[in-house]
4 protein chains.
Amino acid sequence: MPKPRRAVLHRLPMRHPGDTAAIEALIEAGRLDPANLVAILGKTEGNGCVNDFTRAYAVQSLQMMLARRIGAEAAAQIAMVMSGGTEGGLSPHFLLLSVEPGEVANPAGALAIGTAFTRDFAPEEIGRMPQVEAVAAAVRTAMAEAGIAGASDVHYVQVKCPLLTSERMEAAAARGATVATGDTYASMGLSRGASALGVALALGEIDGVSPEEIGQDWAKHSAVASASAGVELERCEVIILGNSPDWAGDLAIAHAVMQDAIDLPAIHRALASAGLPTEHGQLAPVAAQRLIAVLAKAEPSSNGRIRGQRHIMWDDSDINATRHARALVGGVIAGAVGRTDIFVSGGAEHQGPDGGGPVAVIARRAP
Amino acid sequence: MPKPRRAVLHRLPMRHPGDTAAIEALIEAGRLDPANLVAILGKTEGNGCVNDFTRAYAVQSLQMMLARRIGAEAAAQIAMVMSGGTEGGLSPHFLLLSVEPGEVANPAGALAIGTAFTRDFAPEEIGRMPQVEAVAAAVRTAMAEAGIAGASDVHYVQVKCPLLTSERMEAAAARGATVATGDTYASMGLSRGASALGVALALGEIDGVSPEEIGQDWAKHSAVASASAGVELERCEVIILGNSPDWAGDLAIAHAVMQDAIDLPAIHRALASAGLPTEHGQLAPVAAQRLIAVLAKAEPSSNGRIRGQRHIMWDDSDINATRHARALVGGVIAGAVGRTDIFVSGGAEHQGPDGGGPVAVIARRAP
Amino acid sequence: MPKPRRAVLHRLPMRHPGDTAAIEALIEAGRLDPANLVAILGKTEGNGCVNDFTRAYAVQSLQMMLARRIGAEAAAQIAMVMSGGTEGGLSPHFLLLSVEPGEVANPAGALAIGTAFTRDFAPEEIGRMPQVEAVAAAVRTAMAEAGIAGASDVHYVQVKCPLLTSERMEAAAARGATVATGDTYASMGLSRGASALGVALALGEIDGVSPEEIGQDWAKHSAVASASAGVELERCEVIILGNSPDWAGDLAIAHAVMQDAIDLPAIHRALASAGLPTEHGQLAPVAAQRLIAVLAKAEPSSNGRIRGQRHIMWDDSDINATRHARALVGGVIAGAVGRTDIFVSGGAEHQGPDGGGPVAVIARRAP
Amino acid sequence: MPKPRRAVLHRLPMRHPGDTAAIEALIEAGRLDPANLVAILGKTEGNGCVNDFTRAYAVQSLQMMLARRIGAEAAAQIAMVMSGGTEGGLSPHFLLLSVEPGEVANPAGALAIGTAFTRDFAPEEIGRMPQVEAVAAAVRTAMAEAGIAGASDVHYVQVKCPLLTSERMEAAAARGATVATGDTYASMGLSRGASALGVALALGEIDGVSPEEIGQDWAKHSAVASASAGVELERCEVIILGNSPDWAGDLAIAHAVMQDAIDLPAIHRALASAGLPTEHGQLAPVAAQRLIAVLAKAEPSSNGRIRGQRHIMWDDSDINATRHARALVGGVIAGAVGRTDIFVSGGAEHQGPDGGGPVAVIARRAP
């Protein structure tokens, strides 16, 4: 009988987007075998928008460092999802996901990981049905790879997706192709939205989707998708996190859906599902030690209001709306968990309800 | 025997910094007599830094509107403290403080208000000892005016203070006077800091202060001061809020001190002191109805860390550090109270501990 | 025989958007009769985008000051066109346009001014054909009012136009009306574009325009239109500047069209047309004394390039593209004229060719 | 008799900070031998301030690409000076400086290049006398290496210098050392200023400098220094460009000093010195073909005025002053040369007079 797999997650700080020293130290200390890495998520300190090069810089730095240790080809197999923007108190950090051989499968369910990539997209496919469908197929592939049978066992699906730059739009135009939008920034939202709808489709959260609903009908959304757009790739990269009784280890994942940006009770529900109690609203110290990662989406409500009060996120021409939203949601979550190295990414189109978003918690089970 | 005074507080939204329509509607409805107004606090949607003209625009709009109703001279007597910056989810709003004739003094203590102004400062006095001392004197005057006997009954002291602009620095230089700093933005911090030390001195929170400690020795601070700098004034305006058994009404104020920017338990303590219970970390709906105002300070920790994790507020050259801090603290508090019309102002120099700050809660007592 | 009119133009600095002291000093000195004012243009130091309240603040300050002197009703008749954004070296300033009784008509042609207002627009009309047509009608009205017979004698048409805010979009939606765009910032461009097409239509620069060409077909444009969007109004305000032999005085206006943002030779042509010679590329000191105003439009080229080289204006998510463009064109013009109090306004949709724009020069004729 | 050296300069576009494709294409085409490279200057599209990681990303990308071709050790010998900030119309580009074997020395003088590095600095040395002195020594070394005898033959000295980050300041504090400033952004100016004073000292432009003059006495400055601060290095890198009759080739360098930010005549003088005539204020097309590079510094005048008119660069809390200044000076120069791939770097402390700065032109001599 084959040994079960075991998912391991390390959370490590970075001093700047090109800093991989903490990862290298872990490897040197024998606590991480880079050959086991399947994905690296990172929150880097750029603006998270079109001209955020901290993401590509971090990826290049990681690839260089890993290529020296496991070869460029193996390093290129690791999914890298850098999400820009550490506004407010958010702290730049990496989340390293490894799959190691385990000993005994955990019948209560243990954290399970699956990954898959789509093909590269042409500029004219970005934010449209071909992207939706390709992501849905990748989600199914990743679930099968992870051995997660049911959609209800999936608690988090990260999709890293491409965007339209001026250059890509020109290239499409030169071929006579029309793109989904002429605005680079808007293309990030459409690409994230199409990705999330792909997740929702694969998990049965929606029955179907039509082209005109992308970026329009926010009622169609996924409760577990988290999409992040970056200039540095042309395909989508899918990472699925769920629980499975076939995997070993004491890590488990849970999630809840924030109905709006200040839905602290939803965060408390996710923490409680993961077995983490709070005191005076915040994770008690002993529980905090068992918290390994928080992953959430942030987005300004499209009607310009939070519980009836006006917010200024959409009307501020100096700071992008997603930057405001990440700072806000980062604050709400940091208040709950008492830490700031939280993976809050912006742009929650079709990811949770309008103005809200999914929040996932990964924790060590109480002994 | 004279009738006791009663402090009344109205919280009203604004659609833009020049919008006083909600206040006018309240007056028209007979629910607010503008002649009773003693102070108006406002959170306006500018950047809260040097070139934030939303504060002066709001003040001018309020003065115009009130001059039509009570005359320009009476309008000019009302303290107006506009604090710029509604980053994250913060909602632009006004807090109107009136003093009306009451019926019966509340032996349990009721909200009491006192105000005082300093003289105009010369540019070279800003951020220095003359400002500290003038503010301390104004605090004592305001306490006497409010009939608040003890320092422990003071829960919030708002000081609006001036800053150095390029023009004011030139004017000082033309007279051969040297100013505290040649950097307009830095002058805001020094002015807020000197104001807060004045409060601390008046309330006996510190024994004394020396010139070189201003803007340097953060251990010297006030637990109730909230200072806000604006280009539109040259003096300091002081508003004191406390509880007094000589006042009538069912409003009461409480405060706590956030030790850092994510100190949600401190907010819970302030809410509890004001008799407001939480559920799942957030104010329960029935309690939320009794919450009238939250006033807090936000500031990035000077060591670049929150509970050991790096924040990027000081190193971000695109968004000012105070803008990040307001968004963050606004998120933490909004999570606790379930509302976003919170008065979070930036720049907490000598106002609470480094990286933290005071948080005050005004609520209607439970029946 | 009636006396001819004389157009007078004063250029005055402002220390902040609410500062009208220089205007008041001019009035006090008997050099400006406020009753003769027909228009005030201002460059204020906001961001020139959606949440730029410096425009409304300046208008309110001007109205207050003028109401005290000529009454609120007369003050309200003066067209006020505040254009936000003084990026790079641009200096905040007012241009005051008066019409006074003159002595002798100038057969060589003298500066002539005409103004007209449209009705208020519903949100759903902004950026669409009703706005185009209303502006065209207003241009014709203003020309007749100014006694400017031919379109070739019109050298500058300023249109101040409204934009869509979140609130206005909500109001339209509540009535079941759809607006031209759901993006507040994009609405500014559509409103400016529709205004410019109205000018082009009235002046015969284009034969007609169809709804789908607004904001799309940049080949259709005006060589003399300058449109500026602001949150503070709901109608369009039109100011026409041209030369007419019926007017008195020694001021004259000329214009040229910059083909791209760095078309310094076009600026030189406009200066030469106005009789102003340059030395080493810059206005000679004696000529500089005769320069009264420069008015220009700035816009990033839509293909992301200037003479084949990439610019980053569209891809920068920290600074709006129009802010970059104003700084750039302001630099090119300041190099030519040796002054920085230049009226460069952003957003040149349908105002000159893509990436370029009109530049008008008002000067005193050489003796 | 040994063959003379020949300096070759290639100007190449980049599509993003990590894009080295244009350089690789030149190498592939046999037009550039990477082994001959001595320096690469780059204008990258970050904010040019503290958290501008485009510089380090570009350096890493260049090093990776070159290491594959000439080995990591040789690649590390090439001085790399990335200057962040392409505001306004500035176009991101690389300037590649090579030294090749030439045929015949040019008795009229040909472009000559020398480079030198200082040691790494401790945080407490940055912006202080040890940096001044180390840079002066490096300048002398580079001159000797280039065979440039006289200071008057030096037309441009690029110094890339370090800055203080929060982490470096903490490290110094941990050792009990005090740093020149506690403000990361301010440290960039002090480091650039100390570097420029080092150049001025080495070239005899000033007789000496005292510690308190650094960052204070702007009368002490260099007419040829250009310093650029970056987070990615701890030493200073010096590149000297001048003319020498010992070198071969038809390239020559000239410079002038802009007395303020809109000193277009100074740019014309530099162009004329380099043998490039202008028409209507702009480089004529035939002359433009001979223009190889323009290198200039930009800085807001410290008194907040340009020729008496107020600028808002220092008072804008949304956009850093240097970003405004680069956009402005970039516009003035682009107007003169008709191109936007100009190396304008911000922060001209002690580099040219207050508010102005050096401008150097490299051109092919007329046949």
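Me: Where does A:Lys160 sit in the fold?

Reply: Strands here are DSSP runs of E with at least two residues, helices are runs of H or I with at least four, and both are numbered from the N terminus. A:Lys160 falls in strand β6 of chain A, residues 154-161. Keep in mind that this is a predicted model, where local features need pLDDT of at least 70, side-chain atom pairs count only at pLDDT 80 or more, and totals for chains, interfaces and linings use all residues. Residues are numbered from 1 along each chain as its sequence is written, chains are lettered from A and ligands numbered from 1 in the order in which they are written, and side-chain values use heavy atoms, with hydrogens and water left out.

Me: Is A:Lys160 buried or exposed?

Reply: Buried means under 20% relative accessible area, exposed means over 50%, and partly exposed is in between, using a 1.4 Å probe and protein chains only. A:Lys160 has a relative accessible area of 0%, so it is buried.

Me: Which residues does UniProt list as "active site"?

Reply: UniProt positions use the numbering here, feature names are shortened, and annotations may be inferred rather than shown by experiment. The unreviewed entry gives A:Lys160 and A:Ser228. They are spread over 69 residues of sequence, yet the largest C-alpha distance is 4.9 Å. A:Ser228 belongs to strand β7 (residues 225-229) of chain A and is buried, at 5% relative accessibility. Beyond four places in sequence, A:Ser228 touches residues including A:Met82, A:Lys160 and A:Arg192.

Me: Where does the record put the "binding site"?

Reply: The unreviewed UniProt entry names A:Glu299, A:Ala348, A:Gln351, A:Gly352, A:Pro353 and A:Gly356. These span 58 residues in sequence, but no two of their C-alpha atoms are more than 9.7 Å apart, so they gather at one spot.

Me: What surrounds A:Gln351?

Reply: A:Gln351 lies in the loop between β15 (343-346) and β16 (357-364) of chain A, and it is buried at 0% relative accessible area. Setting aside neighbours within four places, its contacts include A:Arg192, A:His221, A:Ser222 and A:Lys297. A:Gly352 is in the loop between β15 and β16 of chain A and counts as buried at 3%. Among the residues that A:Gly352 touches, with those up to four places away not counted, are A:His221, A:Ser222 and A:Val257.

Me: How do I read the open sheet in chain B, and what is its strand order?

Reply: Two strands pair if DSSP finds at least two bridges between them. The order is β9-β16-β12-β15, 4 strands in mixed pairing. β9 (251-258) and β15 (343-346) of chain B stand at the edges with a single partner each, so one side of each has no neighbour in the sheet. Strand β12 (residues 291-298) and β15 of chain B run parallel over 4 bridges, and B:Lys297 stands opposite B:Ser345 in β15(B).

Me: How much area do chain A and chain D bury between them?

Reply: The size of an interface is often given as the accessible area lost when the parts come together. The convention here uses a 1.4 Å probe and sums the loss over both parts. Chain A and chain D bury about 1200 Å², 64% of it on carbon and sulfur atoms. On the chain A side, A:Phe53, A:Tyr57 and A:Gln60 lose the most area to chain D, together 47% of what that side buries. In contact terms, 13 residues of chain A meet 13 residues of chain D.

Terms used. Contact means heavy atoms within 4.5 Å. Buried area is the accessible area (1.4 Å probe) that two parts lose on being put together, summed over both.
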